[in-house]
Amino acid sequence: MKQKKRVKLKKNELQAYSMAVIPVLLVFVFNYLPMVGIVIAFKNYKFGRGIWGSDWVGFDNFKFFFKSSDFTRITWNTLYMNFIFIVLGTVSAIAVALLLYHIKSRKMTKIYQTIMITPNFISWVVASYMVYAFLNPRYGMVNTILEMFGKNSVDWYAKADAWPLILTIAYIWKHVGMDSVLYYASLMGIDSTYFEAAEVDGANRFQVVKSIMLPMLVPLITILTIMKVGGIFNADFGLFYQLTRDSGMLYKTTDVIDTYIFRAMREVGDMGRSAAVGLVQSVVGLILVLTTNHIVKKFNADNALF
Amino acid sequence: MKKKSRVTQTILNLTFIIFCSMIAIPFVMLVSASLSSEQDIIDYGYAIFPRSISFEAYKYVFKNPKSILDAYKTTITFSVTQTFLSVLLSAMFAYPLSKPHLRGKKYLNFYLYFTALFSGGLVPSYILQTRYLHLNDTIWVYIIPGLIGSYHVFMMRTFFKEIPYEITESMMMDGASEYTIFFRSIVPLSKPVLATVALLKFLGNWNSWYTTMLYIDNAELYSLQYLLQKILRDIAFLQEHADLSMSMIMDLMDVPTETVRMAMAIVVAGPALVIFPFFQKYFVKGMTVGAVKG
Amino acid sequence: MRMKKVLAFLLAGAMALSVAACGQTNEESKKNESGASAQESKEEEAKSEESKNEEPKEVPTLTWLVPGDSQQDIASVMEKVNEIAVEEIGAKIDIQFIEGSSFAERMKMNMAAGLDYDLCFTGYCNSYANAIRNEALLDITDYIENDPELKAALPDYAWEAAEYQGRIYGAPNVQGFARENALVIDKEMADKYGLNVDEITCTEDMESFLAAVKEGNEDDYFIWRTDFGVTMFTSDNWVETTGYSMVARETDGKYTVMPRQEVLEWQEAVQTIHEWYKAGYIRNDVLSAGDDSAEWNAGKYIVGSISYKPGDEARFQTSWGKEVVIAHIQEPLMTTSEALATLISVGADTKYPDEAVAFIKLVNTNTEVYNLICYGIEGKHYNLNEEGKVVKVADSGYNPGANWEFGNTFNALLLEGESEETAEITKEMNLSAKESPTLGFSFNRTAVETEYANVNAVVQEYNYLNTGAVDPEEYMEEFNQKLKDAGQDKIIAEYQRQLDEFLGQ
């Protein structure tokens, strides 16, 4: 009997794997085959010679990034802003999901969700027009309001210190709706018997949130965070480039790796160096993900990504 | 008890109303700008309510309705197809990854996640798709290359994992194949995540323009985003070049650049906004019938 | 157990696939290499037997990639063109339009992917120098030297400008090549505030006029447009180099390359612009205004800088809807960058280099072919009015509207509204313009690539010094220091070395 069951499992395992054959092949063709392009990072890449025909240059292409006089600034800005985005983005999404969960009216819930998700449809380019309508030193609404209160108007595009906050607000504005849906859906999936049991025990709302809801969200939070950590060395180019209108006065706080590379390469157009920086970003991401995953695994293997 | 609950509900609702208004203000401004006259924008800047209503910008965007309609058709076709195939295949990938006792899935997980971090860049993809697969200038170039995204597969995997093992086990004991289990039980139980991924995928497709730029020459296969950006660029281009007959220059003088930009954003985002409630309805329903609860 | 086998099988399969794929790319590149060498030998052949007999063999079709919208009725135009082309050069031509804004990116990919094309547009949206550095263009120097007709097809200054380290990789499409920075001024304002443009010899002279306008509270307008930055203030014995981080200055006939930020005039100019900003001549949102071309085209500025081309007075009058006056403050100068804005080049991977080069000659010498490509077929896509000028037929299915993409623009028929005079003046200007001493010089930055990229990034960051919005005193030292850190000195030394070599100093 026991043996029979094991044979059966194996058959099912095979079936399960067979399901993944097409997706695995697609990933192979469209993601792994082009990875030969990574060698561009080690080559003095000339279009006319092709990827293989170009000369090897070792780690020459990497020098440009590490030797850059702005290396510290762009690395710090990238890590710092991404860290804020991950933490505040997650916290706000969970908070919204929890609050939304407690709203009884289904109709209202739907309306709120729809409104909150709309920014997700908007590209950063369009968002930058919106931000500009607020912060424009000439017509901007913020300055109009400041002047109403007898304050001097401010050219926000020269005030580097204000931008970590502005960018964080923009980030949350765009992402909170969609991220909260993920958490909301998870909350909706929690077995109602848990809540019934809690009610019988006389737990109040906060206790329910703390001891039932949050723990149930942990797997999702962990997975999403691990994945985001992998991208911590990559900045959202559109956000940092479009919203700041590429104002040089703001670089102190808003210049990130991706915008720097774009700027340095705009006229030079050297793929080898761009590829080298991309590779550095990927490798750092990989190391961080593996580390985080390893730590997560120590606590709870089920929550780990792999 | 009841009274307290009503108070809580009011506070909650108020919070959301304020929060949502804050989120919505930029949109109101966008709509208002798209309906303003160009002169008002230049003279007075942006405002929450337009000083006078003008449809000039929309008239300009829809000046050549055939190309816009073509773009809608193309965009809808590939968005729907891509979304459907992508959700199906991603789920088929995620399912084995979600099985608790499957051996070797660790490697498969890594195989997938690796692609989120490393990519070969544009050139090799371009070579692959144009020289070997000949996808360029066909609608397939929008559909096939991006079918599997690791982020979405992992989202699904996480959801599948939460489905009680007992459900699948009993089916398994009855001799059901994994395919039967997947299509009969996992898929219906996972509507929330499938709908969410479908929505994300659809949005991504809806906003695609880079693919068009790299691979499409046939104007009938332009995506909506690309076409609208092109309309905008054409205005700027024509305004700057003197190689035109005088009558054409006169035509161009009055093109409302700023407001057209806003109107375009509405034309692109509008339909997607209309579609969203349908998805939402679907997945709220999916959540309520979801057997996950018991 | 079986599971492992399956996995092993999958892995093996994947590996086999990847090996196959690598093999394929390897082969491909080998093919490319052999293709290249075959090409070389072909070139030599071509040289040895210049005039080979036309045999009734298969007629090759040359693909020509140009930026622009695809033209519905291109087939009928190409048919006419090919009637002539087959007879003259024994090849057909197939023009393929790639959407203008995608062109640069697409060409980069096409070159990288080694796609088949024979001719392509290079210049402002597909950098000539970058394409050469990437070895993606065919060296046509020998063709030009061995074919006097081809050489005569373009004026000498055009060929000279196209030289890249002594070799030529494309034929410039001749148009107004002389660059002359000038100021456009709203005539009504000039009259109202008593400005006499003849008295303006340099940009600083504008000061009193700007002050008067400011005094007059012309609130509907912006007074001074800064998009040319401080370049408007610099005197013309400077040679600006790419990236705007260095200048070459002439003293006693010798050119010395120096960091721009250390040049006294530049420092003064930056200061002046800041004074103007403080005085309110410059819009207060200049830092973030970004693309203000809508306002510019609508005539919202009273004074702006342009690179002057004959006929500009009429052009601005149409687009601004009011009269303008031009203050000429610099001498026209023939520079490499203007000449290299529009060229036709031959792809390095072409299978028909002889035909491709012959076509360049054809399109630059045969006005019938050139005008066909520019305007289409007479009677169908355009008509000639009684003055003999082109009147385009609306929605005819063929209207690329880009003569400068296809050849020598002086060979084009004039459009209605264009005057012969303008064309003559433009030609005249090309001939009389002072030649920049560095015409034909291009900096080879191979030795300083790293520094070059980093300096570029720094210069773009401090671009706001050009707007006047900040006090230069505060940032000058920081700017200077960052340029030094980025390795500016190393670039300058290398630049000087190459310039000395070029000028033979």
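## Contact between chains A and B

Two residues are taken to be in contact if their C-beta atoms, placed from the backbone, lie within 7 Å. By this criterion, 71 residues of chain B are in contact with 67 residues of chain A. The model is predicted: local features need pLDDT of at least 70 and side-chain atom pairs count only at pLDDT 80 or more, whereas totals for chains, interfaces and linings use all residues. Residues are numbered from 1 along each chain as its sequence is written, and chains are lettered from A and ligands numbered from 1 in the order in which they are written.

Helices (DSSP runs of H or I, at least four residues) and strands (runs of E, at least two) are numbered from the N terminus. On the side of chain B that touches chain A, at least two residues each are supplied by α1 (2-35), α4 (65-98), α5 (105-117), α6 (122-132), α8 (150-162), α10 (178-189), α11 (191-206) and α15 (257-289) of chain B. The largest share of this side, 12 residues, comes from α1(B). The side of chain B that touches chain A divides into 47 nonpolar, 18 polar and six charged residues. In this classification Ala, Val, Leu, Ile, Met, Phe, Trp, Tyr, Cys and Pro are nonpolar, Asp, Glu, Lys and Arg are charged, and the others, Gly among them, are polar.

## Contact between chains A and C

The contact of chain A with chain C takes 41 residues from chain A and 44 residues from chain C. Four helices of chain A, namely α1 (2-19), α3 (50-53), α4 (60-67) and α14 (257-268), each supply at least two residues of the side that touches chain C. The largest share of that side, six residues, comes from α14(A). By class, the side of chain A that touches chain C has 18 nonpolar, nine polar and 14 charged residues.

## Composition of chains B and C

Chain B contains 15 helices and zero strands. Of its 294 residues, 43% count as buried, a residue being buried if 20 or more other C-beta atoms lie within 10 Å of its own, exposed if 12 or fewer, and partly exposed in between, with C-beta atoms placed from the backbone. Among contacts in chain B between residues at least 6 apart in sequence, 72% join residues at least 24 apart.

Chain C has 19 helices and 19 strands, and 44% of its 505 residues count as buried. For contacts in chain C with a separation of 6 or more, residues 24 or more positions apart account for 77%.

Strand β3 (residues 119-123) of chain C is mostly covered, with five of its five residues buried. L119(C), F121(C) and G123(C) lie on one side of β3(C), and C120(C) and T122(C) on the other; all are buried, so that both faces are covered. In a regular strand the side chains alternate between the two faces of the sheet.

Two strands pair if DSSP finds at least two bridges between them. Strand β1 (residues 61-67) of chain C runs parallel to β3(C) and is joined to it by two bridges; W64(C) stands opposite L119(C) in β3(C). Five bridges join β3(C) to the antiparallel strand β16 (residues 342-346) of chain C, where L343(C) is the bridge partner of T122(C).

## An open sheet in chain C

Three strands of chain C form an open sheet in the order β7-β15-β19, with mixed pairing. Because β7 (178-179) and β19 (434-435) of chain C stand at the edges with a single partner strand each, one side of each is left without a neighbour in the sheet. Strand β15 (residues 333-334) of chain C and β19(C) run parallel and are joined by two bridges. M334(C) stands opposite E435(C) in β19(C).

## Helix packing

In chain C, helix α17 (residues 449-461) and helix α19 (residues 488-503) pack at an angle of about 120 degrees, with their axes 9 Å apart. Axes are lines fitted to C-alpha atoms, for helices over the stretch in contact, and angles run from 0 to 180 degrees between N-to-C directions. α17(C) and α19(C) are therefore oblique to each other; angles under 35 degrees count as roughly parallel, over 145 as roughly antiparallel, 65 to 115 as roughly perpendicular and the rest as oblique. E451(C), Y452(C) and V455(C) in α17(C) meet Q488(C), K490(C) and I491(C) in α19(C). This contact of α17(C) with α19(C) has three nonpolar, one polar and two charged residues.

In chain A, helix α5 (residues 71-101) and helix α11 (residues 205-230) pack at an angle of about 145 degrees, with their axes 11 Å apart. I86(A), T90(A), I94(A) and L98(A) in α5(A) meet residues of α11(A) including V209(A), M213(A) and L217(A). By class, the contact of α5(A) with α11(A) has seven nonpolar, two polar and one charged residues.
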